[in-house]
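Hi everyone, thanks for making time.

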Amino acid sequence: MIQAKIAEILESDQFLQEYHIQGWVRSFRSNRFIALNDGSTLKNLQCVIDFENTDEDLIKRINIGAAISIKGTLKESQGSGQRVEIEVTEIKILGDANPEEVKLTILSPKKHSLEKLREQAHLRVRTNTFGAVMRVRSKLSFAVHQYFQQKNFYYVNTPIITGSDAEGAGEMFRVSALDMKNPPKNEDGSINYKEDFFGKETNLTVSGQLEAETFALGLGQVYTFGPTFRAENSNTSRHLAEFWMIEPEVAFCDLDQNMDLAEDFIKYVLRYVIENCKEDLEFLAERQESEDKLKPKAERSEMNLLEKLNFVLDNNFKRVSYTEAIEILKNSKPNKKKKFNYIIEEWGADLQSEHERYLVEKHFKSPVILFDYPAKIKAFYMRLNEDGKTVRAMDILFPGIGEIVGGSQREERLDVLKEKMAELDIPEEELWWYLDTRKFGTCVHSGFGLGFERLVQFTTGMGNIRDVIPFPRTPQNAEF
């Protein structure tokens, strides 16, 4: 007897082979047909019981959501809807499920909104939608590591607790072991963090980039893939307080090579998922199309999910300077007719998602990489261009989602880096170790950051980023 996953059994041609399967009941018809699912695939396995010779009390316990163990023989199915089925010889109930409670929770996604299902985060993965999303997420995660490992990058674990703010935004979660009811105070009444666990003020990291740079300047090419945190009070479909970031850093690499790397990386992971998650992506594409039909025509996607993924794979990413993009946007119909929510009036404007999507979907009709942004709207560590007003930054823009990757050539010149830090009031003593890397064999180096949930959201077509992470952390919500 073979113990196997349902995904394997559904592909098997070993008829009359005896199998042992464990899973959860998805449906039970006519006291005879069990639809069983174990999470390995979107599809259910039909298991046929001889109800006349099965204990009546046992049959009553075969409810939706119950965990059961089945032994039986693989047969070619006589009914429509499935190629194979299991003729059951033995059945055991491993865990009961109350049918009344099940109705209110897991297996009626059409009756319950995605918001409602988020309140059942420990059970929502049993629905087809979230099972598909999480299987795609898992494959994407594997593809990320496989890509960088095949390219001989080294995986670096950067600190989760940090004393520096890499982005300079100040939206960080404080980490402290002090008694908040009675913290030690300085003479001016401020909290004395010298008496805290680390002897200084510390926070949850917003990025592993600065630490990754130090490793790139010794190991050549590295990447991080870990949790990051942002205390931004944004209750939107695009924001999370806890999310995962992929951040490669490469020594002896300029902005052009950085753009090459980012494009190659994204195409690799998307191609991997298309090849390995066909069934789940087709289901999610159908789901998105059904959802789109309920929206006003103006809000519907011009491409379905699979078309959107292939749009990225089949097109070279168009490289456009920020300056050129601003001119295109200023002269565009939506801007002239004031259809944009944010009207582009002059050079230096911070582009919004509507502008980014216009460039991708309407103007160039391909993914776009914008580069050479105004220094004033970008981080201190980005390399200043010779014009003194732009930096060697780049953002990758995708259809439907706008910016998906942000990166830059890093400022390797110590004197320029110090000047930029002084302008932004970033104390040198806070980042002395970062400045030191510019004293010991500095070189041109570059990297980028990709929010993993943003990638999963694009790949699965889910409208809300909270639905692509197992346990979303958002303002006023830290359940589970």
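Now, what are we looking at? This is a predicted model, where local features need pLDDT of at least 70, side-chain atom pairs count only at pLDDT 80 or more, and totals for chains, interfaces and linings use all residues. Residues are numbered from 1 along each chain as its sequence is written, and side-chain values use heavy atoms, with hydrogens and water left out.

Okay, the overview. The chain has 15 helices and 17 strands, and its C-alpha trace spans about 85 × 60 × 45 Å along the principal axes. Of its 480 residues, 50% count as buried; buried means under 20% relative accessible area, exposed is over 50%, and partly exposed is in between, using a 1.4 Å probe and protein chains only. I'll also say "contact" quite a bit, and that means heavy atoms within 4.5 Å. If you take the contacts with a separation of 6 or more, residues 24 or more positions apart account for 68% of them.

On to the 8-stranded sheet. It's an open one, in the order β7-β11-β12-β17-β16-β15-β14-β13, with mixed pairing. At the edges you find β7 (154-155) and β13 (318-321), each pairing on one side only.

Helix α7 (residues 255-276) touches β12 (242-251), β13, β14, β15, β16 and β17, and its direction makes about 15° with that of β15. Helix α15 (residues 452-460) touches β11, β12, β15, β16 and β17, and its direction makes about 55° with that of β17. For these angles, axes are lines fitted to C-alpha atoms, for helices over the stretch in contact, and angles run from 0 to 180 degrees between N-to-C directions.

How do α7 and α15 sit relative to each other? Their axes come within 12 Å and cross at roughly 45°, so the two helices are oblique to each other. The cut-offs there: under 35 degrees is roughly parallel, over 145 roughly antiparallel, 65 to 115 roughly perpendicular, and the rest oblique. At the meeting point, V269, L270 and V273 in α7 meet L455, F458 and T459 in α15.

Back into the sheet, to β16. Which way do β15 (residues 390-398) and β16 run relative to each other, parallel or antiparallel? They run antiparallel, joined by 6 bridges, and A393 is partnered with S408 in β16. Their hairpin has 3 residues between the strands, and there G400 takes a positive phi near 80°. On the other pairing, β16 joins β17 (residues 445-451) in the antiparallel sense over 5 bridges, with V405 bridged to L450. And 6 of the 8 residues of β16 (residues 402-409) are buried, so this strand is largely enclosed by the rest of the structure.

Let's zoom in on two single residues. T228 is found in strand β11 (residues 221-229), and at 3% relative accessibility it counts as buried. Leaving aside neighbours within four places in sequence, T228 is in contact with T205, V206, S207, A241, E242, F243 and M245.

The other residue is S69, in strand β5 (residues 67-76). S69 counts as buried too, at 9% relative accessibility. Its C-alpha atom is separated by 5.9 Å from that of I21, although S69 and I21 are 48 residues apart along the chain. The side chains of S69 and H20 are joined by a polar contact of 2.9 Å. A polar contact is a pair of N or O atoms within 3.5 Å; within protein, one must be able to donate a hydrogen and the other to accept it, and residues adjacent in sequence count only if both atoms are side-chain atoms.

Last stop, helix α6 (residues 209-219). Q209, L210, E211, A212, E213 and A216 are buried there, and what covers the buried residues of α6 includes β8 (161-162), β11, β12, α14 (432-436) and β17.

Technical notes
Helices (H or I, at least four residues) and strands (E, at least two) are DSSP runs, numbered from the N terminus. Two strands pair if DSSP finds at least two bridges between them.
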